[in-house]
Amino acid sequence: MPRNAHLVGSVGLADADTVFRTVSETLGDHCPRIPDGETGRRGYWIRWQMASFENSAAFVNKEVSEAREGFKDDLKRAFYSLDPSVNPSTFEMAPLGYADEALNSWQTFAALQAAGDIGPEVRFQVSLPTPIALVQSFVRMEDRLAAEPIIERAMLRDLYAILEGIPHDKLCIQWDVCFEVLGADGGPPLPYADPVGGSIDRVVRLCAKVGPDAECGIHLCYGDPGHKHVVEPPDLAVSLAFSNGISQNAAALGRALTFIHMPVPRDRHDDAYVAPLRGLAMADDTRLVLGLIHLTDGEEGTRRRMATADGVLTDYDVATECGFGRRDPATIPELLQLHRTVCER
């Protein structure tokens, strides 16, 4: 199959219109789906969701700390307790805002596509964090399992609004699976006993909620605070465990997965890192996306990582490891052109 470029989510340009136009002009047919860039208040992934917890009656007794286990940045972190008077099986949070953002951006996307500025086969991509990302980021450890159903219902309400408001044959939903991967590979501990199995069950449950006519993909992530991973993966073994586990639950999904994205760190062009891919067991209609593009060593370094991957398999699409919404906007045209270059030859 032709090699395509995948954009994980954030693209640090001025607004959705600029992202759509710039990506379409640069990548053209090599980019089958385009996100809105998560611009504005969403520029630092889920940090904007602090307001959802601050304004919810279910979450009280905010505690602010300078750091937390597994995180090296110096930003203050706020964690909330679940109000003991709240029934987690019935309490409904206010909308998280993901649907509003997606539906607004969809109007821009649809207008550009109708005008011919975006190709007719290109889909609008909406990247959503798993509920566990919000649980881990904003809730105290002792309340996380109890709070999870509240947060999952809120996320699913946003998902359903997106599915209702955007034609499924024009839509791709990407689930950002980060804290689950970190918890399975030595990062901040998860609130359930089986980091891999418990996480796979949750991700499969989310994917099953996406209608069969919309695309659905998985971004496996090790975080990007300060442009560094929270945990450096020793190899792709954990990514493989997630990929195979999710794929092998295809019956529970009730739909095909469109793609699974895995990260490849800049300095990992060695055989040992990609060796686990020999055990890859994805369905034939699921594309592997390797996040091996790094602007800091350009085409030469990207080709070196691709050559190593080619020793195991050659049929994959390319991407960066994570979104690039927090880099200097002036570097983004060059980074997008690098995507095109390695797709073309």
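This is a predicted model: local features need pLDDT of at least 70, side-chain atom pairs count only at pLDDT 80 or more; totals for chains, interfaces and linings use all residues.
The side chains of Glu299 and Arg303 come together in a salt bridge, 3.2 Å from N to O. The term salt bridge is used when a side-chain nitrogen of Lys or Arg is within 4 Å of a carboxyl oxygen of Asp or Glu. Residues are numbered from 1 along each chain as its sequence is written, and side-chain values use heavy atoms, with hydrogens and water left out.

- Side chains of opposite charge can pair when their charged atoms come close.
- Glu299 and Arg303 sit four residues apart in helix α11 (residues 298–310), which is about one turn of the helix. (Helices are DSSP runs of H or I with at least four residues, strands are E runs of at least two, and both are numbered from the N terminus.)
- Glu299 is partly exposed at 31% relative accessibility, and Arg303 is partly exposed at 25%. (Buried means under 20% relative accessible area, exposed means over 50%, and partly exposed is in between, using a 1.4 Å probe and protein chains only.)
- Helix α12 (residues 332–344) holds another pair, Glu344 and Arg340, again four residues apart, or about one turn of the helix.
- Salt bridges that share partners also tie Asp36, Arg41, Arg42 and Glu101 into one network.

- Arg153 and Glu92 form a salt bridge through their side chains, at 3.4 Å from N to O.
- This pair links distant parts of the chain, 61 residues apart: Arg153 is in helix α5 (residues 144–165), while Glu92 is in the loop between β3 (77–82) and α3 (98–114).
- Arg153 is partly exposed at 22% relative accessibility, and so is Glu92 at 41%.

**Positive phi angles**

- Most residues other than glycine have a negative phi.
- Glu38 isn't a glycine, yet its phi is positive, about 50°.
- You'll find Glu38 in the loop between β1 (33–35) and α2 (50–54), and Glu38 is buried, with a relative accessible area of 11%.
- Trp45 also has a positive phi, near 50°.
- Trp45 lies in the loop between β1 and α2 and is partly exposed at 23% relative accessibility.
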